[in-house]
Each structure stands twice: as structure tokens, then as C-alpha cells.
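I opened this entry to work through the fold, the domains and the chain contacts in turn. My notes follow in the order I looked things up.

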Amino acid sequence: MKACGKVHKYGDNVDTDVIIPARYLNTANMEELAQHCMEDIDIDFAKNVQKGDIMVAKANFGCGSSREHAPASIKASGISCVIAKSFARIFYRNAINIGLPIIECDEAAEKIEKGDEVEIDFDTGVITNKTKGESYQGQSFPEFLIKIINSNGLLNSLKE
Amino acid sequence: MGMTMTQKILAAHAGLDEVKAGQLIMADLDLVLGNDVTTPVAINEFNKAGFTDIFNKDKITMVMDHFTPNKDIKAAQQCKQCREFASKYDITHYYDVGDVGIEHALLPEKGLVVPGDAVIGADSHTCTYGALGAFSTGVGSTDMCAGMAAGKTWFRVPSAIKFNIVGKLPRYSAAKDVILHIIGMIGVDGALYRSMEFSGEGLKNLTMEDRLCMANMAIEAGAKNGIFAVDEVTKEYLKGRTDREYKVFEADADAEYDEEYTIDLSEIKPTVAFPHLPENARTFDDIPEVKIDQVVIGSCTNGRIEDLRAAAEILKDKKVADHVRCIVIPATQNIYMTAMKEGLLEIFINAGCAVSTPTCGPCLGGHMGILAAGERAVATTNRNFVGRMGHPESEVYLASPYVAAASAVAGKIAQPSDVM
């Protein structure tokens, strides 16, 4: 499985309150929530994001609330993968459970810049920066988690 | 090699003699929790996946606490969806307006969690129940759904950081100051993927409410769970709340910890976490004059009776500053009633505070005290992220009930000694 797209870049400790503010959580409609995704730190994100784009951030991405609306609104906005130095654990779990691909890679999080064209090979964990002509080795997942991701989420994998 | 408290509880729930940090396990669950924001997503997934039954009607709890009493039509629809699901499956511990309280204050009060339990909740502050010596962690709605259907879920066994608690808190220092100090020390990802285990001779000087406050904010250091050794304080708290038998798990003497810290309670000073991260902890020797517009005393972190007593001690016979709106939110109906009987509500109202029915409300910027652009609040809540309590250009300063009440009187960030 591969993902390929243009990068939206953020810093450390991007919390779930800025990914999707609680004031919008009176709905569980993820397409509606995607319209407000990231708006408190990147007002134009929903307008600019294209299907297949990639989000890159630094340490502790998704810290804070357990709201699954956070990874789900990122996924619904069209983002195909989130790369970060590290993920907050509930976000990490939620992303896997709902089938939003995520990958940890220090070097990619440092070197990739906003607007770069990036490709990720989930089988090998290799991240290729087409704009800069560089590649970085990301952490691959244990088999147990790959199965969940490949089934497009926990509930589908439980059924299989 | 020995196991930590958390590892022992997880091993027992996975039917294994031993587990190691990093191991992936399937564990049985004693309780699955959701609220009015996270449960609708879980119900949608439950229906989409085609599940037709829940694993145990007594081991699922739904608490309508976030946007209640319903703040708008959409919030009302979400609660209605939860209510209908709870009714359809005859869920025993469904709590709605009138008997609802903030989930992490309510469940311990009702005796729904006992030492040794494994609990998941679709709310990040589910780690609160570690105060009772349970393994308890926040998850998302899909996990809640799988938990409701199957009564089990997967975990990666965490390693742990040990906090050896010694000494006794000085006057006007609080459990909130201790946990803000710890988060300031290790950072908002200092315990990422790991347990925070609290033990030591100083534990006897921390009440159950102190422990609930500290375990509650383990997530703000990125921890999977916070957990306290079980002692007489725990056993005393459980008396009269539950007749369930429980098993006490102790860490092995040779358990391995990633890091160990000693926390001397006698050195803890009133502390404030500045915007926009809980790790920005400062003591009053390093706090400039910060004028404020609002004070919130409540939440799953600090809305319990001892918190209200602390705030009332400061506010008695005083007035909230003219330019400050002070909102007091008892976390459960029982706390509300106790505060009323003890005359605390009268103290708050005489001081010029608004007193609200239990709700998470302003803590997450839902309702009941939203901030405008440029406004600042001192809150006894747990997060001060950008836009957490309202406008993205507003600011939240996290503090104890003592500091929050003193700040309400002073009209700026203040400690009790400034106003007493």
C-alpha cells in the first residue's frame, strides 16, 4: 500500500482541540467536521487540502482528548497519511482503529517542508521526498497492527 | 523479572502469568465508559458493523455530562441517540440530567471501579480511576464500540515511571500543584505510552480526592495510565460504595522502571500552568501580573467536595473582583447537595459566583462559560490548549481551587496568601 501527496506541515504537540475544536462536537458527521479540521492553527486547511495530501508534524501529535473525531476528521478531509516524530497514544490507537495510516519518523518530520511532494510505502516504511530527492526510513508497524490497518479499521478486522 | 502494578493487572486480565513491556495482549474488561460526545460515534460504528448485542449490560456505562443540560439541538440529538441505545440494551449505569455528574467524579463516587479492575473509557481522563488501584485508560469511540460488543480489547503492555511520594503538603498547596509540578518536570509527552506509578510513605497524606486529581492528569504527561498503590485510604473510600470483592495488585520488589523520581510534598508550592500547554508550570516567584476575566472552579480534575471546601475557605466573606466572572460547578449531584448542606453554595453566591448544575461545560469550550477573543481565565480544569475554553485567541491558566479562588478575588492571578 502506498500514499502520495502534497504536505501540510505543523510543529510539536498538535493537540486534538486544534485538530477539531470541541465546539463542533455536537455532531458525529465526519464530513461536516472536516470543514473545521485544523482551523484554530491553520484557518485555510479545509480550503487548501486535496484528496491524498499528507500531514507532517513533529513530536506528540494528537495529544489531549480521546475524541476519535480528530483522526476521523483528518481522514475525511482527504489526508492519506500523517507522519510525525511521535503520536500521543490515544490518537495512535484511534488512527489505527479507524484506518488512518500514520507513521513515525524523526528525519522525515524534521526535513519535510510545507508543499513538498511525498510518497510513503507502508510495506517497507520508506518515505520518499520527491521535491527534495531524499528518502527517510520510517518505523514499520507490528504485524498485528498492519492487519487492522489493511482491514480499514478494528471493527472490520474483528469481523474477518 | 518483576512486574509493575499495571503489568500485573493486565496479565491477570489477559489470562497470562506474566507480561512484558511492549507485548501486545487481548485483555478482558471490567467496565466500558462513554459520554455524550464519544458514545454517538461508538453507536454509529456498532450499528454499521452489524453488532446485535452488548457483552454485559452491567459493565457498560454512559454518562451524559459534556454538553448537558443539552446546549443546542445537535447536542440534544446526540443525547437522545445515547438514551435510546441505553434503553434498547437495558444498560444499567446510564446517567442523564438529574442524576448525572461529571463521569470521572461520578463513577468512583458510585463505587463502579474497584482496585484491580481493567477499565476503558472513550474519554481521555478515564485514567482518573488509577487513583483506586485500577488499570484505567482513555480510548476512542471505535475501541468503546468493540469493548461494548466483545468485552475485551487489545493493549500494548506499557513500561512505567515510578514516583516515590514522601512528606506532606504545606498549607494552601494542593494535589493539583503536585501534578502540575510533575508535568512541568517531565513534559506533556514525558510519560508517552507509559504508566505513571505513584507509591511511597507520603501516600498516606494524600486523600482519595487528591489521588483522583493527580491520576486524572496523567494523560497530560502523555501517560497511558496513572496508578496509585492501594492502602488504607483506598479501602476506607470503598466502604459503603461497593460490595464487589476486589484484588489488590502490588508492584513486585524487582519490577523494572524506566525512570524513578522522588516527590517531596513538603516542597510543593502553589503552581499555575501558563498557556498553551499543561507543562508550562510556574510558581509564584515567576509569575508576572496577569489580569483575568473569568475563573472556573469545577471539572473532573477539581470539582469534588474537598475542592469546593478549599475554594469556599478563600471566598468566605469576600467578593469576586468586579471585572471577573467566577463559575463554580460541583461535579456531581451528591457533591452539589453536600456543598449546599455545608453552606458552601451560600458562600459562593454571596461572593458573587455563579453556581451551575454538574457539567463538563466550559472545560472543553462546550458551554456555560465560553471565552471571547483576548480573554483570560484561571481554571481548575486540566487543559489550556489553544481555543480550549472558547476563542482561539483566549487564554487558560490551570491552577488549584485555592489559587483559582484567590485569583477571582484579586482579579488577577494570585495565591491564597495574597488575599487571606
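**Chain B, overall**

I began with contacts in chain B between residues at least 6 apart in sequence: 77% of them join residues at least 24 apart. I note that the model is predicted.

Next I looked up the secondary structure. Chain B has 14 helices and 18 strands. I then checked the radius of gyration of chain B, which is 20 Å. The globule rule gives 22 Å for 420 residues, and the value for chain B is close to that, so I call chain B as compact as a globular protein of that length.

The C-alpha trace of chain B spans about 60 × 50 × 40 Å along its principal axes. For burial I counted over the 420 residues of chain B, and 61% of them are buried.

**Domains of chain B**

Then I turned to the contacts between them. On the domain 1 side of chain B I find 34 residues, in contact with 35 residues of domain 2 of chain B. Helix 4 (103-109), helix 6 (175-186) and helix 7 (208-216) of chain B each supply at least two residues of the domain 1 side. Which helix gives the largest share of that side? I find helix 6 of chain B, with six residues. I sorted the domain 1 side by class too: 14 residues are nonpolar, eleven polar and nine charged.

**An open sheet in chain B**

I traced a sheet of four strands in chain B. It is open, its order is 10-9-8-11, and the pairing is parallel.

I followed one pairing in detail. Strand 8 (residues 160-166) of chain B runs parallel to strand 11 of chain B, and six bridges join them. At Ile165(B), the bridge partner in strand 11 of chain B is Ile263(B).

I moved on along the chain. Strand 14 (residues 294-297) and strand 15 (residues 325-328) of chain B pair in the parallel sense, over four bridges. Val295(B) has Cys326(B) as its bridge partner in strand 15 of chain B.

I then followed Cys326(B) onward. Its bridge partner in strand 16 of chain B is Cys353(B). Strand 15 and strand 16 (residues 353-355) of chain B also pair in the parallel sense, here over three bridges.

**Chain A against chain B**

Last, I looked up the contacts between the chains. I find 37 residues of chain A in contact with 40 residues of chain B. On the chain A side, helix 1 (16-19), helix 5 (89-98) and helix 8 (154-159) of chain A each supply at least two residues. Helix 5 of chain A gives the most, with six residues. By class, I log the chain A side as 16 nonpolar, twelve polar and nine charged residues.

Notes. Residues numbered from 1 in each chain as written. Chains lettered and ligands numbered in written order. Predicted model: local features only at pLDDT ≥ 70, side-chain atom pairs only at ≥ 80, totals over all residues. Pairing = 2+ DSSP bridges. Contact = placed C-beta atoms within 7 Å. Nonpolar A, V, L, I, M, F, W, Y, C, P; charged D, E, K, R; others polar. Rg over C-alpha atoms; globule rule 2.2 N^0.38 Å. Buried ≥ 20, exposed ≤ 12 C-beta atoms within 10 Å, placed from the backbone.
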